[in-house]
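The following report describes a predicted model. It treats the ligand shell, the nonpolar cores and a few individual residues in turn.

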Amino acid sequence: RLSLDFYRQSCPQFSKIIQDTVTNKQITSPTTAAATLRLFLHDCLPNGCDASVLVSSTAFNRAERDHEINLSLPGDGFDVVVRAKTALELACPNTVSCADILAAATRDLVVMLGGPYYNVYLGRRDSRISKSSLIDGHLPKPAMPMSQIIEIFSSKGFTVEEMVALSGAHTIGFSHCKEFTSDIYNYSKSFQYDPQYNPRFAQGLQKACADYRNNPTLSVFNDIMTPNKFDNVYFQNLPKGLGLLKSDHGLFTDPRTRPFVEKFAADEKSFFQAFSQAMQKLSLVGVQTGRRGEIRHRCDQIN
Ligand code: HEM
Ligand SMILES: [Ca+2]
Ligand SMILES: [Ca+2]
């Protein structure tokens, strides 16, 4: 019951307001696109694309946002949604859901960085719950075995190829040192690193992260070659040992995922096609429509 022109009558300025907000925000804060794309994933995998990740905790409820895995979600992703919501409430009060804003803003930001356009169907409603305790097991972590990562995505209806395509999101953005230092910076093995890393890359990472215990904000680009461009270079990096996270390497070493890494590395068009199709599918996971859920007045608060 979602549709492309859901707001045609009720909020004809919808697309333009999102587009303007996103453009301004990305120009002033270039980390916004990656921040928002990851935020969208972290909304959609646990209990569907329903803006549950945007809700702030209260004295009575520990919200998803305060789950450990969500603490590193950057403020810019939340901020761009709030800005669009503020503008949309002025133009069309009580009409547009935060979940639709996040879905549409993510698409527009991917396109701004050179990624493919895909259709975002609209009419999602916002969740009336957000519980930190419901997150476990729904989001992938770099140290998980590939089987478990595949299982998380397949439980939401994604094939292995779609999972690999979605992981191409790591063509932009960055990761904090603590997400990969156990692999490149293993003191007990006297500076040995996981052999899947290119040795010079591993040394570079050791240097960049040398002080990460004192400075937990230290971070490294996911795609060291073209960190701000949405392209297929992420996949070209993996066979060279230039993947950052253990899960990135895993996509190349695991025989189930490797053929897709090779295909997307060789052919950007096929990556873009698979990514757009999988993103459109991601944007439909578990959506609430009709009279379920609500249109939140504020994206960080259940009505
Ligand atoms: C396959 C399993 C995946 C794992 C284990 C994983 C894990 C991670 C981790 C640990 C980070 C670093 C976060 C930080 O330190 O702040 C990260 C960053 C990121 N992830 Fe993933 N991810 C996966 C798949 C995906 C998918 C499917 C998407 C989107 C469709 C995605 C989008 C992003 C983006 C855009 C960033 C950069 C965030 C930023 O720069 O602010 N990831 N991921
Ligand atoms: Ca959600
Ligand atoms: Ca890139």
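Helices, in this report, are DSSP runs of H or I with at least four residues, numbered from the N terminus. On that basis, α2 provides the largest share of the shell around ligand 1, with 5 residues.

**The shell around ligand 1**

Three elements, α2 (32-44), α6 (160-167) and β1 (174-176), each contribute at least two residues to the shell around ligand 1. Of the 25 residues around this ligand, the nearest are A34, P140, A169, G173 and H176. Sorted by class, the shell comprises 13 nonpolar, 9 polar and 3 charged residues.

**Nonpolar cores**

The largest nonpolar core has 69 residues, of which V81, I101, L102 and A105 touch the most other members. The greatest contribution to this core, 9 residues, is made by α4. Domain 1 (14-137) and domain 2 (146-280) each supply at least three residues to this core. When neighbours within four places in sequence are left aside, A105 is in contact with I18, V22, T36, V80, V81 and A84. There is also a second, separate core of 9 residues, with C177, I184, Y197 and V220 among them.

**Individual residues**

N47 is placed in the loop between α2 and α3 (75-91), whereas N94 belongs to the loop between α3 and α4 (98-112).

Are these residues buried or exposed? N47 is buried because 20 other C-beta atoms lie within 10 Å, and a residue with 20 or more counts as buried. N94 is exposed because it has 12 other C-beta atoms within 10 Å, and 12 or fewer is the criterion for exposure.

R200 is located in helix α8 (residues 199-208).

| Residue | Other C-beta atoms within 10 Å | Class |
|---|---|---|
| N47 | 20 atoms | buried |
| N94 | 12 atoms | exposed |
| R200 | 10 atoms | exposed |

Terms used:
Residues numbered from 1 in each chain as written. Chains lettered and ligands numbered in written order. Predicted model: local features only at pLDDT ≥ 70, side-chain atom pairs only at ≥ 80, totals over all residues. Near = placed C-beta within 6 Å. Nonpolar A, V, L, I, M, F, W, Y, C, P; charged D, E, K, R; others polar. Core = buried A, V, L, I, M, F, W, Y, C linked by C-beta atoms within 7 Å. Domains from an automatic or database assignment. Contact = placed C-beta atoms within 7 Å.
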